[in-house]
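Let's take a friendly walk through a protein together.

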Amino acid sequence: MKSSYRTFYVNQKTGCDTNDGLTMASPFASLFSINRQTLKPGDKVLLAQNSIFAGQFLQIKDSGTKEHPIEIGAYSPEREEGNMPLIAADGQGIWYQDYGTPLDSPNHVYQGYVSSAVLLYDAEHIIIHDIEISNKALEIPGESYSSPHKMNRTGVAVVAKDKGIRSGIILQNLSIHDVNGNVYDKHMNNGGIYMTALKPANEKATGVARFKDVTVTGCFVYRVSRWGIAVGYTYSHDEFKGAELSEDIFLKYGHENIVIRDNYVKAAGGDGITAMYALRPLIEHNTADSVACEINDRIYSKPENRAGKVAAGIWPWKCKDALFRYNEVTDTRLNQDGMAYDADSGDGTIYEYNYSRQNEGGCIMFCLQEAIHNTFRYNVSFDDLGGTVSPSQNPDALLAHNIFYVREGVPFIRNKMGGGSYTEEDNTIIPL
């Protein structure tokens, strides 16, 4: 019995958009042919290795099912290994992002145009794997790299809006690089991978827009701005006010079953990896290397009235019971934050078995009064700079069973980042 699931082949070198695209012998030539399709559960889109799709993009609005996801990946027309297919958007793939409401700070930009090499818009049960992605800016008259109102650009943007919970998003083994986004717009879809939930046109009819069952794994993200990987800011941010965050709030407004694993983020202009508004997210075996490299007066030079000249390595925002383990952060550049790890506003964050080295803002910050019930245990800090720990007016953090290798002259508590109350148990400080 013939399968009803279709496989579309796209080969930039040998294809033609007048083909049907349904066999390796008759592939499409461009991604525009895929954007014109209505994809169905179980369909596949396979891009030929060694193909370069310059000035092209994917915009997917269709969904698979849990049993039959839509798959977007690569194939080898020569039956031997080649380079990943490259989607080089070059500032194309433009769409309009609007949270539908101001964000938690009135200085954060919440609407504007975004260029994304890959956009999943209200789609679910999608697997994207083994593709190279870039989104350099073609020269736009009047736009410098640090222009204050520069186009927002993303490698992969994922959006939930008018279809309630969006589930089953898997991003796997992607190489995302040279994304020239806007370093100032921290919660627009800027950087390597960014997922957002926007206000529905009719929330009563469609339900709250949010994510469930999202996995980002094995991705190499480098030379991107602003974020490396972020999942995912939400228009429902007002529901998460205060320090104590109940599970019920997340089950109604937040994200569930978020896994960020085995990714390497290098030279992100701002933050490395962040989980946001998520219930028990798991962030493990990731590396952030030389991030926050644009949060400085040389590049972050025209912010106007925007807030946000802060960035850290791997951290949560407004999560409950987030677990960060077996991660490594090195060489985070100095800014108002600049540390490897930051237990930011949220409830019950745990950092365990992580490693940090020579981060210019230190090892760990417990950020202000709305970051509660945080635990930092069994971690190793080697030669972190500026000040190893930043309690930052936090009420109740626990540091237990950690090893801190501290260079002579580096204070254990970072200057002007003290206050609050925290507990130390069986930590070891070794002078360097």
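## The chain as a whole

Two residues are in contact when heavy atoms of theirs lie within 4.5 Å. With that in mind, take the contacts in the protein chain between residues at least 6 apart in sequence: 76% of them join residues at least 24 apart. Keep in mind as you look that this is a predicted model.

The secondary structure of the chain comes to three helices and 39 strands. Its radius of gyration is 22 Å, close to the 22 Å that the globule rule gives for 432 residues, so the chain is as compact as a globular protein of that length. Along the principal axes, the C-alpha atoms fill a box of roughly 65 × 45 × 45 Å. Of the 432 residues, 58% count as buried.

## Aromatic rings that pair up

How many aromatic pairs does the count come to? The count is 22 aromatic pairs. One of them is formed by Phe32 and Phe57, an edge-to-face pair with 5.9 Å from centre to centre and 80° between the planes. Phe32 lies in helix α1 (residues 32–35), while Phe57 is in the loop between β3 (52–54) and β4 (58–60), so this pair ties together parts that are 25 residues apart in sequence. Phe32 counts as partly exposed, at 33% relative accessibility, whereas Phe57 counts as buried, at 15%.

Tyr194 and Trp227 also form an edge-to-face pair, with 5.7 Å between the centres and 85° between the planes. Here the partners are in two strands: Tyr194 in β14 (residues 191–197) and Trp227 in β17 (residues 227–234), so the pair ties together parts that are 33 residues apart in sequence. Tyr194 is buried, with a relative accessible area of 0%, and Trp227 is buried with a value of 0%. Elsewhere, ring pairs link Tyr99, Tyr233, Phe240, Phe250 and Tyr277 into a cluster.

Now find Asn359, in the loop between β30 (355–357) and β31 (364–366). Is Asn359 buried or exposed? Asn359 counts as buried, at 0% relative accessibility.

Its side chain takes part in polar contacts. One joins the side chains of Asn359 and Asp384 at 2.9 Å. The side chain of Asn359 also reaches the backbone nitrogen of Asp331 at 3.2 Å. Leaving out residues up to four places away in sequence, Asn359 touches Val329, Thr330, Asp331, Thr332, Gly338, Ala340, Asp384 and Leu385.

## Cysteines without a bond

A disulfide is a covalent bond between the sulfur atoms of two cysteines. The cut-off for counting one is a pair of cysteine sulfur atoms within 2.5 Å, and by this rule the count comes to zero disulfides.

Why is Cys293 too far for a bond with Cys219? The sulfur of Cys293 is 19 Å from the closest cysteine sulfur, which belongs to Cys219. Cys367 is in no disulfide either, and the nearest cysteine sulfur, that of Cys319, is 14 Å away. Cys367 is buried, with a relative accessible area of 12%.

Note on methods
Residues are numbered from 1 along each chain as its sequence is written. This is a predicted model: local features need pLDDT of at least 70, side-chain atom pairs count only at pLDDT 80 or more; totals for chains, interfaces and linings use all residues. Side-chain values use heavy atoms; hydrogens and water are left out. Buried means under 20% relative accessible area, exposed over 50%, partly exposed in between (1.4 Å probe, protein chains only). Rings of Phe, Tyr and Trp (its six-membered ring) pair if their centres lie within 6.5 Å; planes under 30 degrees apart count as stacked, over 60 as edge-to-face and the rest as tilted. Helices (H or I, at least four residues) and strands (E, at least two) are DSSP runs, numbered from the N terminus. A polar contact is a pair of N or O atoms within 3.5 Å; within protein, one must be able to donate a hydrogen and the other to accept it, and residues adjacent in sequence count only if both atoms are side-chain atoms. The radius of gyration is taken over C-alpha atoms; the globule rule is 2.2 Å times the number of residues to the power 0.38.
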